[in-house]
Amino acid sequence: MTAHRTYNIPIDTLRYIVMLDNGINFKRIAIEVGKTRQAVSQAVATAEKRTGLKILSSKSSGAVLTEQGERMATFARKVVAQYDYTAAFVSVLQKEAGND
């Protein structure tokens, strides 16, 4: 087994993995996040390469999460939710401080 260095997966990539787990395809993800389909696909491919994990599998119907990808999505869902909650909280603090 090849040892991989720690790789901090960007929050956007974790968000894409969660969206894929929700059954949303790359094209729709790209539209929803304002990126190209290629950019979204490349972000997940980079995560696969840097972690050494097989996150996606190609099927005739399109890309689907592998078992590892599904397991990652379970944790990514929690991380993304906490990130969004924190961002919302920071926004409230900024408004309270008059920094909006």
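1. A contact here means heavy atoms within 4.5 Å. Of the contacts in the chain with a separation of 6 or more, 51% are accounted for by residues 24 or more positions apart. The structure is a predicted model, in which local features need pLDDT of at least 70 and side-chain atom pairs count only at pLDDT 80 or more, while totals for chains, interfaces and linings use all residues. Residues are numbered from 1 along each chain as its sequence is written, and side-chain values use heavy atoms, with hydrogens and water left out.

2. The chain holds four helices and two strands, where helices (H or I, at least four residues) and strands (E, at least two) are DSSP runs numbered from the N terminus. Read from the N terminus, the order of elements is α-α-α-β-β-α. The C-alpha trace spans about 50 × 30 × 20 Å along its principal axes.

3. Helix α4 covers residues 67–96. The expected span of a helix is 1.5 Å times one less than its number of residues. For the 30 residues of α4 this gives 44 Å, and the end C-alpha atoms are 44 Å apart, which agrees.

4. Just after α4, Gly 98 has a positive phi of about 75 degrees.

5. Which residues of α4 are buried? They are Gly 69, Met 72, Ala 73, Ala 76 and Val 80. An α-helix has 3.6 residues a turn, so residues three or four places apart point the same way. The buried residues of α4 pack against α1 and against β2 (62–65).

6. Three salt bridges are counted, a salt bridge being a side-chain nitrogen of Lys or Arg within 4 Å of a carboxyl oxygen of Asp or Glu. One of them joins the side chains of Asp 84 and Arg 15, at 2.8 Å from N to O. Asp 84 lies in α4 and Arg 15 in helix α1 (residues 11–21), so this pair ties together parts that are 69 residues apart in sequence. Asp 84 is partly exposed at a relative accessible area of 35%, and Arg 15 is partly exposed at 22%.

7. Another salt bridge links Asp 21 and Arg 77, whose closest N and O atoms are 2.6 Å apart. Here too a residue of α1, Asp 21, is paired with one of α4, Arg 77, so parts 56 residues apart in sequence are tied together. Asp 21 is partly exposed, with 32% relative accessibility, and Arg 77 is partly exposed with 33%.

8. Arg 28 and Glu 32 also form a salt bridge through their side chains (3.0 Å, N to O). These two residues are four apart in helix α2 (residues 26–33), a separation of about one helical turn. Arg 28 is partly exposed at 47%, as is Glu 32 at 44%.

9. Leaving aside residues up to four places away in sequence, Thr 13 touches Ala 43, Val 44 and Ala 47.

10. Strand β1 (residues 56–59) pairs with β2 in the antiparallel sense, over four bridges; strands pair if DSSP finds at least two bridges between them. A hairpin of two residues joins β1 to β2. Ser 58 stands opposite Ala 63 in β2.

Terms used. Buried means under 20% relative accessible area, exposed over 50%, partly exposed in between (1.4 Å probe, protein chains only).
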